[in-house]
Amino acid sequence: MIDVATTWQQLCAALAGGDYDAAFGILEAAMREAKKPERARLALYLGHLHALYGDAALAELGAALREARTLDPARRDDPLYLALAAELDARTRGGEAAPPPQGVREGPDPVARFHALCALALSGKPQEALDVHVGSAELPQHLRWRLRSWEADAHESLGQSAEAVGLYAEAAHLASGMNRAVMLQEQAALHLQLGQPDAAKAALDQARPLYAARPSPDEAEEQGLNLATWHYLRAQALLNLGQPSGAHDMIREAARLEAQHGDPSYGVALVRGQVLTHLGQTEQALDAFAEALRLAGEGDRPYANHELGVALLDLDRPVEAREKLEAALSDPGYPYLPEVLADMAECDYRLGRLPEAQQEAEQALSQGAVIPASLVLGSVALDYFQLDDALDHYERVIREAAPGSRDWLTASQMAADVMAQQGFPNPAAAYAYAQQALSHTPESDDWHVTLQEHLRRAGEMLAQQGAQGGRTLN
C-alpha cells in the first residue's frame with residue numbers, strides 16, 4: 001500500500017539534495033504499486049518535477065497532466081493540477097495564456113500557489129505574481145530558493161532592481177551548488193545594470209568556487225554554459241573597473257565555452273567588441289560588433305547597430321556609421337536614442353554638414369545626452385570661430401564627465417586650447433585645464449607639446465598678475 005504523503009516527503013528530500021534521478025525513481029516505484037486515485041495524485045507530483053525543468057520539459061509536463069486526469073477525472077479541480085496547467089499554458093502561449101483561478105492563488109496548498117505565481121510571471125503579469133502570497137517556510141526546501149528567484153525576476157520586470165538584487169542574494173543563500181552560483185550571477189548582472197561593478201565582481205568571486213572541477217557527463221553541458229555566463233559577466237565587471245586586458249581574457253573564455261557547449265551569443269560578441277574598443281583594436285571590434293548584429297534578436301538589434309556605428313565613427317567612416325546609427329534611431333523603444341542623435345551629429349560634423357550637426361546635437365542635448373552633444377557643439381562653435389560658446393560647451397563636459405575619461409580629457413585639452421586662442425583672459429583656469437589634461441596625456445601624443453606651451457604661457461601671465469598685485473600704488 002502506497003502512502004502518497006510519505007512518497008511526497010521522500011521526493012522532496014531527494015530534490016533538496018539535488019538528486020533528480022532518485023526523485024524520478026521514487027515516483028516510478030510508487031506509481032507501479034499505487035492504485036488509480038493515488039496514481040493520479042502521484043502523476044501531479046511527476047508534473048511538478050517536470051515543471052522544475054522549465055521549457056525543456058513541456059511535453060513531459062503535458063503528459064503528466066493528461067495521465068492525472070485520465071486516471072481520476074476529479075483531479076481537474078485539484079489546485080495543483082490547475083496551477084500546473086496554468087504554468088504549462090503560460091510557457092506555451094505567454095501573455096495570451098489564461099491566468100490561474102483566484103481560488104488557486106489564495107488556496108491552502110502552498111505548492112499550488114507557487115506554480116500559480118510562476119504562471120503569472122511567465123504570462124507577463126509580474127505584479128499579479130507578487131500579489132500571490134507564498135511564505136518561504138511553507139514550501140519544501142527545493143522550492144524556497146526558486147520562489148525568491150521568481151520574485152526577483154518579477155521585481156526586475158517592474159524596474160525594481162534594488163529589490164531584485166536583495167531577493168537574488170536571498171535565493172543564493174537558500175540554494176546550493178551550481179544553483180547558488182547561478183543566483184549569484186543573476187545578482188551580479190543586476191549590479192552591473194546599476195553601475196556597481198565592484199559589487200558584481202564580489203558576487204562573481206563567490207560563485208566561481210561553486211562549480212564542480214569534474215562535472216558528471218549529464219551536468220557538463222549545463223555547467224559549461226553557466227560558466228560561459230560567469231566569464232561574460234566577469235568581463236563586463238573588469239571592463240567597468242578599467243581593466244580591459246583582464247576583460248579580454250574573460251570574454252575569450254566565454255566565447256570558447258559557448259562554442260564548446262552551445263551556440264555563439266549576441267551578448268558575448270557585443271562585449272567582445274566593447275573590450276576590443278577599449279584596447280584600441282577598432283578593426284577587430286568592428287568584426288565583433290558585426291557578429292553581434294548577425295546574432296541579435298529583434299530587441300537587441302538597435303544596441304548592436306549603435307555600437308557598430310560608433311566603431312565605424314572611430315575608424316573615421318562617417319557615411320557607413322550614419323547608416324547604422326539611423327537603423328538604431330528607427331527603433332523608438334531603444335533607451336539611448338539621445339546618444340544616437342549625438343553620434344549622428346558627429347557623423348554630420350565630419351561630413352562638413354555643420355547646420356545639420358548643430359541641430360542634431362542641440363536636440364540630443366535637450367534630451368539628456370549632455371557629454372557627446374556638447375563635444376559636437378563645441379566643435380561646431382570652433383569652426384564658426386565662436387570661442388566663448390565653444391568654451392561653454394567644453395566646460396560643461398568637464399563638469400559632467402568622469403575625471404580621467406576620454407571625453408573629460410578631450411574637453412580639458414580643448415578648453416585650454418580655446419583659452420589660448422582667446423589670449424588667456426582667465427590664466428588661472430587655462431593653467432588648471434592644461435595641467436589636468438597634461439597629467440592624462442602621454443608624451444607621445446601631439447597634444448603633450450601643445451599643452452606644455454599653454455601651461456608655460458598661462459603660468460607666465462599668472463606670475464605677471466602676481467607681480468602687479470604686489471606693487472604699491474602711488
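**Close-up views of helix packing and salt bridges**

**View A. Helices α3 and α5 cross in a left-handed manner.** A crossing is called left-handed if the near helix is turned anticlockwise from the far one by less than a right angle, and right-handed if clockwise. The model is predicted: local features need pLDDT of at least 70 and side-chain atom pairs count only at pLDDT 80 or more, while totals for chains, interfaces and linings use all residues. Residues are numbered from 1 along each chain as its sequence is written, and side-chain values use heavy atoms, with hydrogens and water left out. Helix α3 spans residues 36-51 and helix α5 residues 79-93; helices (H or I, at least four residues) and strands (E, at least two) are DSSP runs numbered from the N terminus. The two helices pack at an angle of about 35°, with axes 10 Å apart. Axes are lines fitted to C-alpha atoms, for helices over the stretch in contact, and angles run from 0 to 180 degrees between N-to-C directions. R41, L44, Y45, G47, H48 and A51 of α3 make the contact with L80, Y81, L84, E87 and R91 of α5, where contact means heavy atoms within 4.5 Å.

**View B. Helices α20 and α21 pack at an angle of about 150°.** Helix α20 covers residues 354-366, helix α21 covers residues 370-383, and their axes are 8 Å apart. The pair is therefore roughly antiparallel; the classes are roughly parallel under 35 degrees, roughly antiparallel over 145, roughly perpendicular from 65 to 115, and oblique for the rest. The crossing of α20 with α21 is left-handed. Among the residues in the contact are L354, A357 and A361 of α20 and V370, A373 and L377 of α21.

**View C. The buried residues of helix α12 are P197, A200, A203, L204 and A207.** They lie on the same side of α12, because they cover an arc of only 120° around its axis; the arc is that of the directions from the helix axis to the C-beta atoms. Buried means under 20% relative accessible area, exposed over 50%, and partly exposed in between (1.4 Å probe, protein chains only). The cover over these residues includes α11 (177-193) and α13 (217-240). Also in α12 (residues 197-207) are K201 and D205, four residues apart, about one turn of the helix. These two form a salt bridge with the closest N and O atoms 3.6 Å apart. D205 is partly exposed at 36% relative accessibility, and K201 is partly exposed at 24%.

**View D. A salt bridge joins R105 and E128.** A salt bridge is a side-chain nitrogen of Lys or Arg within 4 Å of a carboxyl oxygen of Asp or Glu; here the closest N and O atoms are 3.2 Å apart. The pair links distant parts of the chain, with R105 in α6 (residues 102-105) and E128 in α8 (residues 126-131), 23 residues apart. R105 is buried at 13% relative accessibility, while E128 is partly exposed at 32%.

**View E. R75 and D78 form a salt bridge with N to O at 2.6 Å.** Both R75 and D78 are buried. Elsewhere, a network of salt bridges links R322, E326, D348, R353 and E360. The count of salt bridges comes to 24.

**View F. A172 sits in helix α10 (residues 161-174).** A172 is buried, at 1% relative accessibility. With neighbours within four places in sequence left aside, A172 contacts R180, M183 and L184. R146 is 26 residues from A172 in sequence, and 9.6 Å away in space, C-alpha to C-alpha.
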